[in-house]
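Thank you for making time for this today.

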Amino acid sequence: MTSPAATAAPAARTPAGHAREKILATAFRLFYAQGFRAAGIDTIIAESGVAKATFYKYFPAKDDLMLAYLEKVDSVWTGQLHAAAEAAGEDPAAQLVGLFDALTAACRRDGYRGCAFINAAAESAAGTRVHDRTVAHKRQIRAWIRDLAARAGARDPDQLARSLTLVLDGGLASGVLDGDPAAAAAAGTTAAQLVAASLKTPPATS
């Protein structure tokens with residue numbers, strides 16, 4: 001990629017009405033690929049094609065942009081989990097297993113670098129706004145899974161939810177560390193075993 005400083009003419013500026021979206025889209029790509037520390041503000045400004053004053057109008061501090069990025073990631077990933085669960089049918093027990101199809105799809109994507117929230121937590125200190133947002137996301141996912149577990153008739157919905165989220169996070173991490181999509185399949189198999197073992201009334205066998 002040619003450096004903006006090396007071009008003969010300045011980059012075309014983005015219309016103000018689209019500036020925030022362009023900044024966020026650029027940050028979404030760079031933060032996930034490079035991490036918060038490596039993706040600098042100057043690079044994001046240059047690649048998004050906005051004026052520095054426009055950038056700071058929408059994001060007075062880098063933390064503000066990082067939080068907006070995490071909100072976007074939350075919306076996308078939570079939507080994918082819910083869609084995968086719903087695709088498994090109306091049975092909550094089947095949905096608990098089906099949601100792991102979202103993990104399989106994520107691990108197969110080009111440029112997959114693991115869970116954006118786990119990555120963010122690794123780069124932020126406890127008690128900061130960014131770290132708190134990562135914790136809130138994980139709690140929201142666990143609460144949703146806990147609700148599915150209760151509706152499925154699990155003997156201990158809290159324990160099942162915690163176990164499944166641990167498997168989910170482990171699958172997200174293993175998918176990037178191993179570079180093997182089979183990690184997601186193994187996580188799904190483990191989830192199915194945990195769900196079956198936790199139900200008050202085990203599913204009927206054919």
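Predicted model: local features only at pLDDT ≥ 70, side-chain atom pairs only at ≥ 80, totals over all residues.

Leaving aside the neighbours within four places in sequence, phenylalanine 55 is in contact with Ile23, Ile41, Ile44, Ile45, Val50 and Leu65. Its relative accessible area is 0%, and phenylalanine 55 is therefore classed as buried, the cut-off being under 20%. For a sense of the spacing in this region, aspartate 42 is 13 residues away from phenylalanine 55 in sequence, and the two C-alpha atoms are 10.0 Å apart in space.

Phenylalanine 55 also leads us to the core. The largest nonpolar core has 57 residues, and those that touch the most other members are Phe31, Phe55, Leu65, Tyr69 and Phe100. Which helix gives the most to this core? That is α4, with eleven residues.

In general, a pair of aromatic rings is described by the distance of the centres and the angle of the planes. With ring centres required to lie within 6.5 Å, the model has six aromatic pairs. One of them joins phenylalanine 31 and phenylalanine 36, edge-to-face, at 4.9 Å centre to centre and with 90 degrees between the planes. Both partners are buried, phenylalanine 31 at a relative accessible area of 3% and phenylalanine 36 at 5%. Phenylalanine 31 also pairs with tyrosine 69, again edge-to-face, here at 5.4 Å between centres and 75 degrees between planes. Because phenylalanine 31 belongs to helix α1, residues 16-34, and tyrosine 69 to helix α4, residues 62-87, this pair ties together parts that are 38 residues apart in sequence.

Tyrosine 69 is itself buried, at 3% relative accessibility, and, neighbours within four places in sequence aside, its contacts are Leu24, Ala27, Phe28, Phe31, Tyr32, Phe36 and Ala116. Phe28, Phe31, Phe36 and Tyr69 make up one aromatic cluster.

Next, phenylalanine 117, in helix α7, residues 116-122. Phenylalanine 117 is buried, with a relative accessible area of 1%, and, with neighbours within four places in sequence left out, is in contact with Leu70, Val73, Asp74, Arg133, Thr134, His137 and Lys138. From phenylalanine 117 to lysine 138 the separation is 21 residues in sequence and 8.2 Å in space, C-alpha to C-alpha.

Helix α9, residues 157-177, has 21 residues and reaches 30 Å from its first C-alpha to its last, close to the 30 Å expected at 1.5 Å a residue. Its buried residues include Leu160, Leu164, Val167, Leu168 and Gly171. As a general point, an α-helix has 3.6 residues a turn, so residues three or four places apart point the same way. What do the buried residues of α9 pack against? They pack against α4, α5 (92-98), α6 (100-107), α8 (129-152) and α10 (182-198).

Helix α6 also holds threonine 104, which is buried with a relative accessible area of 17%. Beyond its neighbours within four places in sequence, threonine 104 is in contact with Ala184 and Ala185.

Let me finish with the chain as a whole. The protein chain has ten helices and zero strands, and buried residues account for 40% of its 206 residues. Among contacts between residues at least 6 apart in sequence, 68% join residues at least 24 apart. The accessible surface of the protein chain comes to about 10900 Å², with 55% of it belonging to carbon and sulfur atoms.

Key:
Residues numbered from 1 in each chain as written. Heavy atoms only, no water. Phe/Tyr/Trp six-rings, centres within 6.5 Å; stacked < 30°, edge-to-face > 60°. Buried < 20%, exposed > 50% of the residue type's maximum accessible area, 1.4 Å probe, protein only. Helix = DSSP H or I, 4+ residues; strand = E, 2+ residues; numbered from the N terminus. Core = buried A, V, L, I, M, F, W, Y, C linked by side-chain atoms within 4.5 Å. Contact = heavy atoms within 4.5 Å. Areas by Shrake-Rupley, 256 points an atom, 1.4 Å probe, with all protein chains shown as cover. Expected span 1.5 Å × (residues − 1).
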